Amino acid sequence: MPTYVAVDLGAESGRVLAGEFDGERLVVREAHRFPNVPVRVLGGLHWDVLRLLAEARAGIGRVVSERRVVSVGVDAWGNDFGLLDRDQRLVANPRHHRDPYAVGLTALVSSQEHYEVTGVQPLPINTSCQLLAHAGSPLLDAADRLVMLPDLFTLWLSGEMLTERTIASTSQLLDARTGRWAGDLIARLGLPSRLFGGEIVEPGTVAGPLRDESGRPGEAVVVAVAGHDTASAVAALPVVSGPSGSSGAVAYISCGTWSLVGVETAGPITTPESRLAGFTNEGGVLGTVRFLRNLNGLWLLQECRRAWGTGASYADLVAEAEAAPAFGPLIDPTHLGFLKPEDMPARVAAFCRATGQPVPEGRAAMVRCILESLACSYRLVLEQAEELTGRPVEAVHLVGGGAASDTLCRLTADIGGRPVLAGPVEATGIGNLLVQVMAHGGIGSLGELREVVRRSYPPRTFLPDSEREPYDATYVRFRELTAVDNFWSKVASQRCPTIDE
């Protein structure tokens, strides 16, 4: 059978996956996994993209040596970008979105006007904020083109420059309705129009032949898949119908370093109410829109593990947390103080003290606090999505790394009061691979793609506990906590809030 290769670049690690599709089911195996370690230079935090390219090529080469590869696709996280000169050479290593270099900027366009055009919530990690931080710098003067990270790797692997719509939609510079760069808005922000050239393409577009390090083309091609990793993950939800197929919403939690929580819609929702609630509109496969909130996710746990400096795996930490007392102190995962790569256990403790709660005692209690807080934040966002869309959320699909944790899935069901359908864990890679299959004519629709996922990777079901009182009481405490620390009401009038606000 022909083999498809997915390069899935995450904020903590990358992986190269090989997939084979027999017309009914997809079989995926991991060919290569590698760490993604940012580099700090002269006080700035950067992505080591050339190292990532070398690792991606190593993984692709491994598969090519064993199988008949027909195509390769790359997905990655949103917001971050490269700047290229006229010869398509990288001007400098891309900055890391958690580097606070883009904070404290003055709004040049009103929040609601900006939101009505792009549908994207205001955050300092946005491409727009990062570009404004470059204003007046030699880097921006030398740049001829902006390229989002998945498109940068597509360029390096195929030699072809393009902009894929789902990844461009994370920038806060794309018109949410036309799917084209928002030229008037870009001009009003004072950004060079030359950076935003070229055609914007849909997921499934063939970029060009896969080239080796010397530039020689091979038989395989590079496909511009849904470049935003969450767009690939949502494409791979194992559901039967799309957003117009029933009265209920297709709801999802894509839980990795970030938690992307929302519903699938047929078009953007850019009302003042959705902006004030912190929702964003990002592109999906085949014209769909992902109406969601971007929350901290397993980053909180990752940073705790790093601070503790132990050899304990994530599975070990979650197992300890499962045995810890339930319904303890809670945090607000959206608080900007949790964005920084610093001492996370100390920040959690400080938040609890500042909100009059006991500090979690010990590692297990700290992890339990984080997991229960994440589950509470998921329920809050899903309730807001129901109100803003007017469509009920009867069940929620939890995909990504968080789907591997029975504890998190069970807490999400119990606190949320909705069934949770967990998996696939590798939803991003699976969506990447199946969009490649679609590009080659093996799948004809989003519904058919999702049916393949459902046959290949049936989800695990977690039903909510029938004893609602302790879970609802925990959620009430969380709502009271977030009412005091209402992040979104603080930044609603700002385009680029400061991290320490």
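Helices here are DSSP runs of H or I with at least four residues, strands are runs of E with at least two, and both are numbered from the N terminus. What you're looking at is a predicted model, where local features need pLDDT of at least 70, side-chain atom pairs count only at pLDDT 80 or more, and totals for chains, interfaces and linings use all residues. Residues are numbered from 1 along each chain as its sequence is written, and side-chain values use heavy atoms, with hydrogens and water left out.

Let's start with helix 10. Helix 10 and helix 11 pack with their axes 11 Å apart, at an angle of about 100°. (Axes are lines fitted to C-alpha atoms, for helices over the stretch in contact, and angles run from 0 to 180 degrees between N-to-C directions.) That makes helix 10 roughly perpendicular to helix 11, a label for angles of 65 to 115 degrees; under 35 is roughly parallel, over 145 roughly antiparallel, and the rest oblique. On the helix 10 side, Leu301, Gln302, Arg305 and Trp308 meet Tyr314, Leu317 and Val318 of helix 11, contact meaning heavy atoms within 4.5 Å. Sorted by class, this contact has five nonpolar residues, one polar and one charged. For the classes, Ala, Val, Leu, Ile, Met, Phe, Trp, Tyr, Cys and Pro count as nonpolar, Asp, Glu, Lys and Arg as charged, and the others, Gly among them, as polar.

Now look at helix 13 (residues 363-389), whose axis comes within 10 Å of that of helix 10 (residues 299-308) and crosses at roughly 165°. Helix 10 is therefore roughly antiparallel to helix 13. Here Leu300, Leu301, Cys304 and Trp308 of helix 10 touch Arg363, Met366, Val367, Ile370 and Leu374 of helix 13. That contact has eight nonpolar residues, no polar ones and one charged.

On a 1 Å grid over the protein atoms alone, a pocket is an open set of points with protein on both sides within 12 Å along at least five of seven lines, a cavity is a set where a 1.4 Å probe fits but cannot get out, and lining residues have an atom within 4 Å of a point. Points are joined across faces, edges and corners, and a volume is the space filled by probe spheres set on them.

The largest pocket has a volume of about 1100 Å³. Of its 50 lining residues, Cys255, Gly256, Thr257, Leu298 and Gly401 lie nearest the centre. Helix 11 gives the most to this lining, with five residues, and helix 10 is one of the elements supplying at least two. The lining divides into 19 nonpolar, 22 polar and nine charged residues.

Helix 10 turns up again at the second largest pocket, where it gives the most to the lining, with five residues. This pocket has a volume of about 360 Å³, and Glu12, Pro38, Trp299, Glu303 and Arg306 are the nearest to its centre among 17 lining residues.

Finally, two backbone details. The Gly423 to Pro424 peptide bond is cis, with omega near 5°, and Pro424 sits in the loop between strand 18 (420-422) and helix 15 (427-439). Leu42 isn't a glycine, yet has a positive phi of about 50°.
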